[in-house]
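Please keep the sequence and the structure open while reading.

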Amino acid sequence: MAALVRTLVKKFVALYVRLSRDDGDEGDSNSIQHQIDILEKYVRDHGITNYKIYKDDGYSGTNFKRPGFMEMMTDIEAGLVEMVIVKDMSRFGRNYLEVGLYTEIRFPELGVRFVAVNDGVDSENQSDNDFTPFRNIINEWYAKDTSKKIRAVFKAKGMSGKRLSTNAPFGYIKGEDGTLMVDEDTAPMVALIFQLCAAGNGPGKIARTLKEQGLPTPGTVEFQRTGRTRNYHPDDPCGWTSDTVAGILGQDAYLGQTTNFKTTRVSYKVKKTVANPPEKQVTFPNTHEAIIDRETWDMVQKIRSQRRRPTKMGEMGMFSGLAFCADCGSKLYHCRCGSYSYEQESYTCSKYRTRHGCSAHFIRAVVLEQLVLQNLQRVVAYAQEDEAEFVRGVMENKLSAQMAEQEQAKRLLEKNQRRIAELDAIIQRLYEDSITGKLTEERFAKLSAAYEQEQADLTHSIEELTATVEEAEKQTVNVQSFLKIVRKYTHPERLTPTMLREFVEKVVVHAPDKSSGHRVQRIDVHYNFIGEIDFSPEYAKRITA
């Protein structure tokens, strides 16, 4: 039946034209209209009246996912096309493998005649097509060479410090010279997004807050200013998404710097974009005015790096992502439900909840908040009372911990290096015994393989230990950054999510001790920049007096 339907359909001729942005630099000889003129003259000269034109304007010849081309292939597959005509082979495509697949295999299978006018290619005259494969390769070489030149231009521009991205990040507009300028209308929205994240809100919660406040999305702002509808949704102009918020939170341009080469293309044939590793990216500081300060940026990135889950009610606990079990190191889960009051909310060890591999380490949220606030109040009072003594104490604590870790790593490093030298001597003796016949080949292979594996493991361990030693030697404690935060909070009376994230790196919760007949629970508070504070006995006496 399908074959009968195809015979009843009146087939037509497909005229295919294509122009990429790079081809446009060659002038009118490859323009869409010029190609159409050539093809229409060809069909008139050959008495063809039933034809259809398929266009792809601005599409690379190395990519066959072009709308016009795919529409033509759909019609061909449906049996509507009897002939395809192009100006030359390069208009059809610049990937010689795919061009050959269509012209040499697919079209003949479907009974479609192929003609490239200027190249003299006609599938009905096979003797004239012997040079066609070489012509396809030359066309691909042209595309490859063009790609190299474009990459070189972008490389030079990116290394000069000029921004490669054509679009300004939300919160900025481009000046006449291409420099980013703060957009007074949208920059406050960017600042608000970072403030909400610093307060412990995730992208989903931030998106809902922005929508509730009636703030337009970046796509809506773009539509209002340019009329472009690419990301505009007229039925929901304030419909922020978590992906949009997350993209803004990860945009380092808000620091006033330009980072080029964040992404790259796999090849000139594959248009897929992949992220470049940090070592291949280049950052230029102070290229434009910043919207977000470094402290806020660092805090937000730290929060974003911590995987936190909201409760089933869609809310995020204040200590989510910050509280850890002292025994197994797992995160503590925030537990609450609709019938709970805040005093009933709690945190429990995630490992205990899943496989009972640890004790619950149960602690109520309100108790944890009180304990952290008390610790924080002591630290702030200590720092404000005597900054010099505070700095000295922090440096001693931090450096003593670093020295202990460094010395342990150095001792293990020396031990591993001695063992590698011993293994070299052992393997040498085994080799000599094998040569003299004292050891069979099978025995030698088994022993040497075991020793060589041990040696490889030790070599890997040495690399890690060396990195640990070097990191400990160059690490410094940024106490001044911590003091800068302290000066913002003179007398903290209530713990807020923003305050918590600014001060605290993590909270370690120990299992409760009931040996005294009372439930006593200890927590360790590790602060940003300075770690855990060990109060001196003299200061402890002062604050309890």
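In this predicted model, strand E1 (residues 12-19) and strand E3 (residues 81-86) run parallel to each other and are paired over four bridges. Within that pairing, Leu15 has Ile85 of E3 as its bridge partner.

**Nonpolar cores**

- In soluble globular proteins, nonpolar side chains tend to be buried together.
- The largest nonpolar core has 39 residues, of which Phe319, Leu368, Val372, Phe390, Leu495, Phe503 and Tyr527 touch the most other members.
- At least two residues of this core come from each of several elements, including E12, strand E14 (346-349), helix H13 (365-385), helix H14 (387-436) and helix H16 (479-486), and also from each of helix H17 (497-503), strand E16 (504-509) and strand E17 (523-527).
- Helix H13 gives the most to this core, contributing nine residues.
- Which residues does Leu495 contact, leaving aside its neighbours within four places in sequence? They are Met318, Phe319, Glu369, Val372, Leu373, Leu376 and Leu500.

**The chain as a whole**

- The protein chain contains 18 helices and 18 strands, and 41% of its 545 residues count as buried.
- Where contacts in the chain link residues at least 6 apart in sequence, 65% of them join residues at least 24 apart.
- The chain exposes about 31,200 Å², and 52% of this area is supplied by carbon and sulfur atoms.

**Loop residues with positive phi**

- Asn286, which is found in the loop between strand E11 (282-284) and helix H11 (294-305), has a positive phi of about 55° although it is not a glycine.
- Is Asn286 buried or exposed? Asn286 counts as exposed because its relative accessibility is 74%, and the cut-off for that class is over 50%.
- His361 also has a positive phi without being a glycine, with a value near 50°, and His361 is placed in the loop between helix H12 (350-355) and strand E15 (363-364).
- The relative accessible area of His361 is 2%, so His361 is buried, given that buried means under 20%.

**Ser330 in its loop**

- Ser330 lies in the loop between strand E12 (323-325) and strand E13 (332-335).
- With a relative accessibility of 17%, Ser330 counts as buried.
- When its neighbours within four places in sequence are left aside, Ser330 is in contact with Ala323, Phe324, Cys325, Cys349, Ser350 and Lys351.

Technical notes:
Residues numbered from 1 in each chain as written. Predicted model: local features only at pLDDT ≥ 70, side-chain atom pairs only at ≥ 80, totals over all residues. Heavy atoms only, no water. Buried < 20%, exposed > 50% of the residue type's maximum accessible area, 1.4 Å probe, protein only. Contact = heavy atoms within 4.5 Å. Areas by Shrake-Rupley, 256 points an atom, 1.4 Å probe, with all protein chains shown as cover. Pairing = 2+ DSSP bridges. Core = buried A, V, L, I, M, F, W, Y, C linked by side-chain atoms within 4.5 Å.
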